[in-house]
Amino acid sequence: MSKSNSLLSLRVVSLYEDVLNIYSDRGNRLAVEARAAELEVSVDVELISIGDQLPIDADLVLIGGGQDREQAIVSMDLLAKGGTLRKWAADDVAMLAVCGGFQLFGRWFRNSEGVFLKGIDVFDCVSIVPASGNSRLVGDVISESSIDNLGMIVGYENHGGQTFLGSSALPFAKIQVGFGNNGVDGTEGARRNSCVGTYLHGSVLPNNSQLLDWLLARAIAHRISQDGEFDSMALERISEYSELGAASEYARKLTSTIVREEQ
Amino acid sequence: MGIFKLIRFKLAICLGKCAAFFSQVFGRGGGTAISGLVATFIEPNVLRQISKILSRDVIFVTGTNGKTGTSSLISQILRLKGSSVLSNSSGSNMARGVVSAYISSLDTVRISKKHRKRLSSVFEVDEAVVPGLSSQMDPKIEVFLNLSRDQLDRYGEIDSIASSWVQSLSSESKIAPDALVVNADDSKLFPLIDLGRKNSIRTITFGLGDPSVASGNASDVHERDFCSCGSDIRYELKYMGQLGIWSCSGCDIERPIPDVLAAKVTLENDRIILKIRLAGQPEVLDLTVHQQGLYSVYNVLAAISAAWGYGIHPADSIRAIESATGVFGRQEEFLVANVKAKVWLAKNPQGLNEVLRTLTETAELPLNLLLVLNDGIQDGKDVSWIYDANFEILEGKYKLLMCSGSRSHNLSLRCVVAGLDVGMSDPDIMGMLDFSLDRTPHTETLNIVTTYTGMIEIRENLAKRTGIPPYWK
């Protein structure tokens, strides 16, 4: 008898969605919910903001980007949650940190006012807004990720901070069009275990369903490792035809064509 | 003006006019910006010289949403009171658009010394160019509508826009306006009200006061707002987006009681009925507006307030507003064969949310919809914002859903994420417009929701078919 997966849920934590959402990164959470519905995997999404307690465990954590002021506001609260998040990252919980969230998941961030914000050290990287000021990195991005054949990742970047990876960090992707972490070394984002940091908006997950599926597969694997009862067939269904996947792949190809033509 | 400067000024205006003429004859657009561009190239100071001619009788309207609609209402009020009105009514709202408006008006408004006394100017001004433009033109009235996220790729972050407005108004070299008109319901605009009070500039606030039209959380832009002191903004209730009855949880500021208050709002499918209360005055003004949506109410309140600042009592503005016609491409209707095509402009998450809310709450259901997403410079190159608009509320409320525009693929993907069934998606706007009109049952309405450049293209096509003159005429 097959077990009903609806008994158990994938645990998704979306961090500071009401504060860090200026670039509409909540689209990542919407895509997770839509894809999980296609997979018939039930998800339990917790919106965690300033002052809220993290749940006792999670399979997937999402965080987006925000303005300087909002970043400074969440950074203190995030530090209090840093220990748990670091432990989760080490335990193969899937994570996606975008833009300002990515910066705060690094070691530290020096913002446009020269203020140092301490990060939570999930990724070995530091981010700086150059003292020269007005040199935001803005525009369409096409990158190539060598991680598990994820391939082409498209999106839009808009950031003042520039990120530099430490010696133990791996980039998430290599830039083909756009700036990426700093516009100099050709790297985009960072990857550690099941955690991805990136500068890409779009939102990045609906527009890159292979990355969405990669994170979901890792989240499901994490849930299974925690709780053997979870429907392991979900991992197989992930490779079947998906309406969202088809629409995403079509959009990704067309976007990359448009962007390359504009070059 | 010295003779050389005068000649250069005249030359700039003349060549600008030629450029507009050739653009209209040979090009597709109306040449609404090109003449200003050319004139500014010949005479960089052209704007300052124009503003001298206009002798400060200038109203600026700025904000993320509602600039064109509000400016149009103000113009119609002033016209009804006997003024000739100069405006950049075709929506070209950078410095060059203002110069262009002046140039193109030379035919219709005779700016001779005799007429100048009755000449007023209403300019909608892009959020980012307000400081530069107001330091050159020293407007008499400045209207601030609202401030939410729009085209981050072009403007940068919202906070920097708000502080640039405050800085420009507190600049010592600037002549203070006679009146500031500010939306009381937007906490991000409170620093302007504060500044007006501290500098004894007459400050007229406007806002809503009818809880029956408050939004559920569903259609809000999902964002927490912060006071400039860093604390959370609390809301007693929200009307749309960040607009509502707010107070700061940290310092003692709160939404002021609006001077021009919509005390009762009734939204119907083809009109809005309002009761307006004025600060310190016993009588209530009744009026009916032939527009839809709560955002139109804010435009009306802003226009009444601006006219008040200009010396026209609100009771005298009502007739102009009741007879006001819509502005091009905003809720504009065309009858094509037996199908009504209605064009809605939506260019940022808050604007789109309000259009979707208006459609699902007041239009005839189920809807026939053509959604258009372009990524031109004027639309914004970054289309991520569609993920902050609440497409989910369309579920079960449409029977035809088509996507088009240069980013139709991103738009239809957004619809799939929202669990909606897209009938067809293709970047060819004219093809999809024809197809959608064909598929809309006779006597029903095709609602076309589009970003700016799509609106221009669609409107031009529909106008041509139905014999309505192009927008620059």
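Visitor: How many residues does the contact take from chain A and from chain B?

Guide: This is a predicted model. In it, chain A gives 30 residues to the contact and chain B gives 24 residues.

Visitor: Which elements of chain A each supply at least two residues of the side that touches chain B?

Guide: They are helix 1 (26-38), helix 2 (68-90), strand 9 (151-159) and helix 7 (243-262) of chain A. Helix 7 of chain A gives the most to that side, with 8 residues.

Visitor: How do the residues of that side of chain A divide into nonpolar, polar and charged?

Guide: The side of chain A that touches chain B has 15 nonpolar, 10 polar and 5 charged residues.

Visitor: Now the sheet. In what order do the 6 strands of the open sheet in chain A come?

Guide: The general idea is that strands of a sheet pair through backbone hydrogen bonds, either parallel or antiparallel. Here the order is 2-1-3-4-14-13 in chain A, and the pairing is mixed. At the edges are strand 2 (42-48) and strand 13 (190-192) of chain A, each pairing on one side only. From one strand to the next, the twist averages 15 degrees.

Visitor: In what sense do strand 1 and strand 3 of chain A pair?

Guide: Strand 1 (residues 9-15) and strand 3 (residues 60-63) of chain A are parallel, with 4 bridges. In strand 3 of chain A, A:I63 is the bridge partner of A:L15.

Visitor: Which strands of chain A does helix 1 lie across?

Guide: Helix 1 of chain A lies across strand 1, strand 2, strand 3 and strand 4 (94-98) of chain A, at about 165 degrees to strand 2. Helix 5 (residues 209-226) of chain A lies across strand 1, strand 3 and strand 4 of chain A, at about 140 degrees to strand 4.

Definitions and conventions
Residues are numbered from 1 along each chain as its sequence is written. Chains are lettered from A and ligands numbered from 1 in the order in which they are written. This is a predicted model: local features need pLDDT of at least 70, side-chain atom pairs count only at pLDDT 80 or more; totals for chains, interfaces and linings use all residues. Two residues are in contact if their C-beta atoms, placed from the backbone, lie within 7 Å. Ala, Val, Leu, Ile, Met, Phe, Trp, Tyr, Cys and Pro count as nonpolar, Asp, Glu, Lys and Arg as charged, and the others, Gly among them, as polar. Two strands pair if DSSP finds at least two bridges between them. Axes are lines fitted to C-alpha atoms, for helices over the stretch in contact, and angles run from 0 to 180 degrees between N-to-C directions.
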